[in-house]
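Please look over the two-chain model below. My notes follow as numbered points.

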Amino acid sequence: MSLDQLMQVPGALAAFQYDDKGDLQAHQVKEGSELTPQVLDLLAHTCVANMAIATMEARGWEALTGQTGFEPVQAFSLVGLDWSAVVGRNLGVVVKNRDADYEAAFAALANCQA
Amino acid sequence: MRIISQLMAIPGVIAAGEYAFRGDRYSFEGNMTDELARMASILCRSNTLAVNMQAEIFSAFSENCGCKPVQGWIVRGKAMSVCVVGNFFCFCQNMPGLLNDVMTILRAKVGDIEENPLVYMYAKLGGDVNEKLY
């Protein structure tokens, strides 16, 4: 199960799965975390929006500058005060900033989506 | 050493810069023209404002949600990543270990991981934080 794998990421507080519109499909939250399903649902919607915006910007940037390597956008991370949300296409994980290993989180997302 | 110079000391960092939140000033180092740095500054500033707005909405749903204020954001492309913390941006290659080093420096200097004095101290020296620490 993908969410179980994502919960193994260092500092994971929650893992969630969402559809293409951003509606929360499934989630796991670490005991003691203040993250609620409502917040995760909102987070999923913002992630879909941010991934779309990032794709638009990456495509525009590559066309304008001739630089490559930005597209396709594989993942996005919102770095908050206490935690970071790291999201891929339809999966996301929330990690505690103090223990955050962004590369491990991105790699876990890539493995789950492979 | 300036944060931008510290970031540029890490192998794999393409360009790094700082922009004013009001949007009319910026400085940068690296493989980027002045016009590209201006565009990158505008892009990063607008995205930062957007994620801050999103965090405001989160906090309306959960008072102590732990997301506000937002420190920054990362976009990971096929071979390149863009990292932004505060009003600093960094364009870097997707090389093993690089992203965590960049984020450690950015968060230590601009963000809030000062509770780890070793990371904070070494981040001030610049270069490869992991190599110096471990």
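**Notes on the model**

1. The area buried between chain A and chain B is about 3500 Å², and carbon and sulfur atoms give 62% of that. Buried area here is the accessible area, with a 1.4 Å probe, that two parts lose on being put together, summed over both. On the side of chain A, the residues losing the most area to chain B are Trp61(A), Leu81(A) and Glu103(A), together 19% of what that side buries.

2. A word on conventions. This is a predicted model, in which local features need pLDDT of at least 70 and side-chain atom pairs count only at pLDDT 80 or more, while totals for chains, interfaces and linings use all residues. Residues are numbered from 1 along each chain as its sequence is written, chains are lettered from A and ligands numbered from 1 in the order in which they are written, and side-chain values use heavy atoms, with hydrogens and water left out.

3. Which contacts join the chains? In chain A, 38 residues are in contact with 42 residues of chain B; contact means heavy atoms within 4.5 Å. There are 24 residue pairs in polar contact between the chains, both at pLDDT 80 or more. A polar contact is a pair of N or O atoms within 3.5 Å; within protein, one must be able to donate a hydrogen and the other to accept it, and residues adjacent in sequence count only if both atoms are side-chain atoms. The count of salt bridges between chain A and chain B is 0, a salt bridge being a side-chain nitrogen of Lys or Arg within 4 Å of a carboxyl oxygen of Asp or Glu.

4. Helix 2 (37–65), strand 3 (75–79) and helix 3 (102–113) of chain A each give two or more residues to the side that touches chain B. Helix 2 of chain A supplies the largest share, 12 residues. Helices (H or I, at least four residues) and strands (E, at least two) are DSSP runs, numbered from the N terminus.

5. Check Ser77(A), in strand 3 of chain A. Ser77(A) counts as buried because its relative accessibility is 0%. Buried means under 20% relative accessible area, exposed over 50%, partly exposed in between (1.4 Å probe, protein chains only). A polar atom of the Ser77(A) side chain lies 3.1 Å from the backbone oxygen of Ala85(A). Beyond residues up to four places away in sequence, Ser77(A) touches residues of chain B including Gly72(B), Trp73(B) and Ile74(B).

6. Chain B has 5 helices and 5 strands. Their order from the N terminus is α-β-β-α-β-β-β-α-α-α. Of its 134 residues, 51% count as buried.

7. Gly17(B) sits in strand 1 (residues 13–19) of chain B. Gly17(B) counts as buried, because its relative accessibility is 0%. Leaving aside neighbours within four places in sequence, its contacts include Ile4(B), Phe28(B) and Phe88(B).

8. Two peptide bonds deserve a look. Glu71(A) to Pro72(A) is cis, with omega near -5 degrees. Pro72(A) lies in the loop between helix 2 and strand 3 of chain A. Lys68(B) and Pro69(B) are also joined by a cis bond, omega about -5 degrees. Pro69(B) is in the loop between helix 2 and strand 3 (72–76) of chain B.
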